[in-house]
Amino acid sequence: MDSQPPSRSIFGLNHKTLHFLSEYSDMILGSIFGILAFYFHFVHSPYLAVFSAAIAIGAFSITVAEIAEILAERLEEPYASFVLTFSAVAVEIILLFMIVREGVHNPAALDTVKGGIISAVIVDMNVLLGLAVFIGGLSFKEQEHNEDTSSTYTTILLVASSALLVPSILTYTQSTRTLFHASVMIALLLLIFYIAIFIFQTRTHSHFFKATAKSRLFRIKKHREEEEEEEDESYLFDRFGNIANFFSIFGLIFLIGLLAELFATEGMPIAHHLGISSGLAGLIIAIISVAPEVMTAIKAARDDEIQRVINIAMGASTVSIMLTVPILMALAYGNGIELTLDFNAFQVGALILTIILAWKTTDDGETNYFEGISHLMFFFGYAIIATLYR
């Protein structure tokens, strides 16, 4: 009896090899483009270096998001969403801090940082939430979430956004020194407010951030069906314990930090040379840092886990304002740079309108695909103005 030849697939690769390449494609891409980024940097090819660094950062960020999702599945809400949001916001802080450092010899870099802070919230609340709600709405006519979650988060974000108006208004009436002092006080207030929110979310009112009965029952049924068909997990990080996975995340974030420094060093002169506005530059940075979260949110929406989508989108936005702002200001000051919170009228206006839109589309505890389209339309309008606004 003739032995069967091993099964072959595309380009002569067997299925086992293809599965490995698919399973670890993000790490493979991150490693390849990370090496290329440093190579192009040393041979003085800034455009290719920035392009390669951006892809490597995005790829490694996806790995971070996947490890965070594994940890999130082992934890209960709201801690599960905390892991997802903090892992993404860490990448955002690293990217923005590297650009802050460029502010020593390029003051325009600080405008890019401010644009990145606002754009991170715009992308979280419109692209992440919009795409997830739209795609989830195509699979399910309506998806239910805990309306207390969205109500609490939109209240928090509205208060935080209003606080950012203070230094922005002082720009027109006070000296630069007064503006910096006001920015420091607002940053401290945001940090104190976040501590109160953390206690509220994890201790006294954690039930505000958990799924409703309907969606929870659907997921229990779905997970039981998956368990019947599920094979043994072969993914490397599935076999790691929680502590090992946390160290893996820290290691990947360190690599992202190195790439982010290269991205900032080479990218800022290119942006200046091409005449890219600070708003568009900040938007690009926000998209790179938020992209892995978007993929996680889309997957959750397709599994009818819209509660996790709400927690990720609004939780990440909250952290982006209340932790990113004080941390960046502290890091900037430690490097001899006085970062102020004088956002322009367009940025603050877009931020407040985004929060109002999120409040209107989530206040009834149900979402549908049209509400997702509404958020995406708002984002495209913002992106157009951010490109042209000087």
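In the predicted model, Thr63 is buried, its relative accessible area being 0%, and the residue is placed in helix H3, which covers residues 46-74. Leaving out residues up to four places away in sequence, Thr63 touches Asp26, Met27, Tyr235, Phe237 and Leu252. With Leu252 the separation along the chain is 189 residues, while the two C-alpha atoms are 8.1 Å apart.

The chain around this position has 390 residues, of which 51% count as buried, and contains 14 helices and 2 strands. When contacts between residues at least 6 apart in sequence are considered, 84% of them join residues at least 24 apart. The accessible surface of the chain amounts to about 18,700 Å², and carbon and sulfur atoms account for 66% of this area.

The largest nonpolar core comprises 105 residues, and those with the most contacts inside it are Ile57, Phe263, Val309, Ile321 and Leu328. Helix H5, spanning residues 108-139, gives the most to this core, contributing 15 residues. For Leu328, contacts beyond four places in sequence are made with Ile93, Leu96, Phe97, Val100, Val113, Ile117 and Leu339. Leu328 is also among the buried residues of helix H12 (residues 324-334), which are Thr324, Val325, Pro326, Leu328, Met329 and Ala332. After H12 comes Gly336, with a positive phi near 75 degrees.

Ser317 lies in helix H11 and, at 0% relative accessibility, counts as buried. Apart from neighbours within four places in sequence, Ser317 is in contact with Val121, Asp124, Met125 and Leu157.

Helix geometry was considered for H6 and H10. Helix H6 (residues 147-170) has 24 residues and reaches 36 Å from its first C-alpha to its last, a value close to the 34 Å expected at 1.5 Å a residue. At the start of H6, a side-chain oxygen of Asn146 comes to within 3.0 Å of the backbone nitrogen of Asp148. Helix H10 (residues 278-302) has 25 residues, which should span 36 Å at 1.5 Å a residue, so the 35 Å between its end C-alpha atoms agrees with expectation.

Backbone phi values were considered at two loop positions. Most residues other than glycine have a negative phi. Asp304, placed in the loop between H10 and helix H11 (306-322), has a phi near 65 degrees, a positive value in a residue other than glycine. His44 likewise has a positive phi, near 60 degrees, and is placed in the loop between helix H2 (25-42) and H3. The two positions fall into separate accessibility classes: Asp304 is buried, because its relative accessible area of 7% is under the 20% limit, whereas His44 counts as exposed, because its relative accessibility of 68% is over 50%.

How values were computed. Residues are numbered from 1 along each chain as its sequence is written. This is a predicted model: local features need pLDDT of at least 70, side-chain atom pairs count only at pLDDT 80 or more; totals for chains, interfaces and linings use all residues. Side-chain values use heavy atoms; hydrogens and water are left out. Helices (H or I, at least four residues) and strands (E, at least two) are DSSP runs, numbered from the N terminus. The expected span of a helix is 1.5 Å times one less than its number of residues. A polar contact is a pair of N or O atoms within 3.5 Å; within protein, one must be able to donate a hydrogen and the other to accept it, and residues adjacent in sequence count only if both atoms are side-chain atoms. Buried means under 20% relative accessible area, exposed over 50%, partly exposed in between (1.4 Å probe, protein chains only). Contact means heavy atoms within 4.5 Å. Accessible areas come from the Shrake-Rupley method with a 1.4 Å probe; for residues, only the protein chains shown count as cover. A nonpolar core is a set of buried Ala, Val, Leu, Ile, Met, Phe, Trp, Tyr and Cys residues joined through side-chain atoms within 4.5 Å.
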